[in-house]
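Trainee: I have the model on screen. Where do we start?

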Amino acid sequence: PLLQNAELGKRAPRWIRDNEVTMCMKCKEPFNALTRRRHHCRACGHVVCWKCSDYKAHLEYDGNKLNKVCKDCYHVITGCTDSEEKKKKGILEIESAEVSGNSVICSFLQYMEKSKPWQKAWCVIPKQEALVLYMYGAPQDVKALATIPLLGYTVDDTPRSADLPHSFKLTQSKSVHSFAADNEELKQKWLKVIHLAVKGETPECQNELQVN
């Protein structure tokens, strides 16, 4: 049985096993290659994503040591309110539909980071932040999985492999992001915007390069 609020931190919880869930038990974001590892809240035992586990509280059952806890348990145990929370609500919280509807360009692209497998991501460069690439799991998602500030990146548009002929990559010191479009026309549209963004410029013609 799940612990009642009054018992949080006083007794060790039953840990939900990683394989029992496919999404964060707090924000419901699905776990996938992009959203990193799963974490356990040491107070309630729930499996949460890194964003929802970014809290620490002193737990009685563990000799009052600081432990990683989820947002909800943090509020219950520490009595802190949501005003401090708002400061944490960062750049990733913009809804996809909101940015896609007012974007310089948006479409699905295949994405790969380091040696992880390729995965499909809904990519958006919003007009109000034309130098940042937002990546979502799907067009209606309420928060981005990742953002890439494009300024200063080097663009390499030589295809990585025969399997993905319309690919390109962005590199900056050690970080490398690889993308692949479904066709050459789409790749060129993205590159046109990205080539400007890496230099800190925005497209003159704010024509929607929306691609469905």
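Mentor: With Ser173, which counts as exposed at 77% relative accessibility. On that scale buried is under 20% relative accessible area, exposed is over 50% and partly exposed is in between (1.4 Å probe, protein chains only).

Trainee: What sort of model is this?

Mentor: It is a predicted model, where local features need pLDDT of at least 70 and side-chain atom pairs count only at pLDDT 80 or more, while totals for chains, interfaces and linings use all residues. Residues are numbered from 1 along each chain as its sequence is written, and side-chain values use heavy atoms, with hydrogens and water left out.

Trainee: Back to Ser173. Where is it found?

Mentor: In the loop between strand E10 (167–172) and strand E11 (175–180). Strands (E, at least two residues) and helices (H or I, at least four) are DSSP runs, numbered from the N terminus. Ser173 is not a glycine, yet it has a positive phi of about 40°.

Trainee: Which other residue has a positive phi although it is not a glycine?

Mentor: Asn64, at about 60°. Most residues other than glycine have a negative phi. Asn64 is partly exposed, with a relative accessible area of 45%, and its place is in the loop between strand E3 (55–59) and strand E4 (65–69).

Trainee: How do E3 and E4 pair, parallel or antiparallel?

Mentor: Antiparallel, over five bridges; two strands pair if DSSP finds at least two bridges between them. Lys56, for one, has Lys68 in E4 as its bridge partner. The two strands form a hairpin with five residues between them, and Gly63 in the turn has a positive phi of about 60°.

Trainee: Now E11. Is His177 buried or exposed?

Mentor: Buried, at 10% relative accessibility. His177 is in E11, and its side chain makes a polar contact with the side chain of Tyr153 at 3.2 Å. A polar contact is a pair of N or O atoms within 3.5 Å; within protein, one must be able to donate a hydrogen and the other to accept it, and residues adjacent in sequence count only if both atoms are side-chain atoms.

Trainee: What else does His177 touch?

Mentor: Leaving out residues up to four places away in sequence, its contacts include Tyr111, Met112, Ile148 and Phe168. Contact means heavy atoms within 4.5 Å.

Trainee: Which residues touch the most other members in the largest nonpolar core?

Mentor: Ile125, Leu150, Phe179, Trp190 and Ile194, out of 26 residues. Helix H4 (184–197) is one of the elements that supply at least two residues of this core, and H4 gives the most, six. A nonpolar core here is a set of buried Ala, Val, Leu, Ile, Met, Phe, Trp, Tyr and Cys residues joined through side-chain atoms within 4.5 Å.

Trainee: Change of topic. How many salt bridges are there?

Mentor: Eight, counting a side-chain nitrogen of Lys or Arg within 4 Å of a carboxyl oxygen of Asp or Glu. Lys26 forms one with Asp72, the closest N and O atoms being 3.3 Å apart. That pair links distant parts of the chain, 46 residues apart, with Lys26 in the segment before strand E1 (39–40) and Asp72 in helix H1 (residues 71–78).

Trainee: And what does Lys51 pair with in a salt bridge?

Mentor: Glu29, with the closest N and O atoms 3.7 Å apart. Lys51 and Glu29 are both buried, whereas Lys26 is partly exposed at 22%.
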